[in-house]
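This briefing goes through one protein chain, from its overall make-up to individual residues. Please keep the sequence and the structure in view while reading.

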Amino acid sequence: MLPDTYPISNERENTVRLMMKMQCSKCSKSFIWTDDLPLRGKCPTDDCDWHYDVRKELGKALEKKAVSSPDSILCPSCRNPITSKWTICASCGNVVAGKQYFTKKHLFTLVVFLLVILSLIYRYWS
Ligand SMILES: [Zn+2]
Ligand SMILES: [Zn+2]
């Protein structure tokens, strides 16, 4: 499991605090580390003697992210990373369908074309 880091902003105190999801490598229970806890400490599970080191975990997480980034999905149109193979690209606004992409104008033509085909099939069968 990847430890996730995320800042939480506290509007009242006007500070940004760091939280990190940690997973114990001994009892495999996960817990949330916040920056008011020490950087090194003991697993919160009572009968577990695992000690965490936030800096080490953070390094591991960054390493994993660096390794996994080359095979992230790229938009076939603008080559920016996208979240799924079937999506609308946030960078160029084109509709991504697997390795193909359509501009919104293309997609409209495609939908009209499909509707025409469907109406022909409908007429033929009824
Ligand atoms: Zn533990
Ligand atoms: Zn794009």
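The strands β6 and β7, the latter covering residues 95-97, run antiparallel and are joined by 3 bridges. They belong to a predicted model, in which the protein has 2 helices and 8 strands. The points below begin with the whole chain, then turn to the sheet, a helix, and selected residues.

**Overall make-up**

- Followed along the sequence, the elements of the protein come in the pattern β-β-β-β-β-α-β-β-β-α.
- The protein has 126 residues, of which 6% count as buried.
- When contacts between residues at least 6 apart in sequence are considered, 18% of them join residues at least 24 apart.

**The sheet β6-β7-β8**

- An open sheet is formed by 3 strands in the order β6-β7-β8, and their pairing is antiparallel.
- Because β6 (86-88) and β8 (100-102) each have a single partner strand, they stand at the edges of the sheet, and one side of each is left without a neighbour there.
- Direction ignored, neighbouring strands of this sheet are turned against each other by 15° on average.

**Val 96 and its surroundings**

- Is Val 96 buried or exposed? This residue, which has its place in strand β7, counts as buried, because 23 C-beta neighbours lie inside 10 Å and the cut-off for a buried residue is 20 or more.
- Leaving aside residues up to four places away in sequence, Val 96 touches Cys 75, Pro 76, Ile 82, Lys 85, Trp 86, Thr 87, Cys 89 and Tyr 101.
- Val 96 and Trp 86 are 10 residues apart in sequence, and their C-alpha atoms are 5.5 Å apart in space.

**Helix α2**

- Helix α2 (residues 104-125) has 22 residues, which at 1.5 Å a residue should span 32 Å, and the distance of 31 Å between its end C-alpha atoms agrees with this.
- How many of the 22 residues of α2 are buried? The count is 0, and the helix is thus described as hardly covered.

**The loop between α1 and β6**

- Arg 79 has its place in the loop between α1 (54-68) and β6, and its phi is near 65°, a positive value in a residue other than glycine.
- With 11 other C-beta atoms within 10 Å, Arg 79 is exposed.
- Ser 72 also lies in the loop between α1 and β6, and it counts as exposed, with 9 C-beta neighbours inside 10 Å.
- Although Ser 72 and Ile 82 are 10 residues apart along the chain, their C-alpha atoms are separated by 7.8 Å.

- Leu 18 is found in strand β2 (residues 15-23), and with 14 other C-beta atoms within 10 Å it is partly exposed.
- Between Leu 18 and Asp 36, which are 18 residues apart in sequence, the C-alpha to C-alpha distance is 8.9 Å.
- Ser 28, in the loop between β2 and β3 (30-34), has a positive phi of about 55° although it is not a glycine.
- Ser 28 is exposed, because it has 11 other C-beta atoms within 10 Å, where the cut-off for an exposed residue is 12 or fewer.

Conventions: Residues numbered from 1 in each chain as written. Chains lettered and ligands numbered in written order. Predicted model: local features only at pLDDT ≥ 70, side-chain atom pairs only at ≥ 80, totals over all residues. Pairing = 2+ DSSP bridges. Helix = DSSP H or I, 4+ residues; strand = E, 2+ residues; numbered from the N terminus. Axes fitted to C-alpha atoms, helices over the stretch in contact; angles between N-to-C directions. Contact = placed C-beta atoms within 7 Å. Expected span 1.5 Å × (residues − 1).
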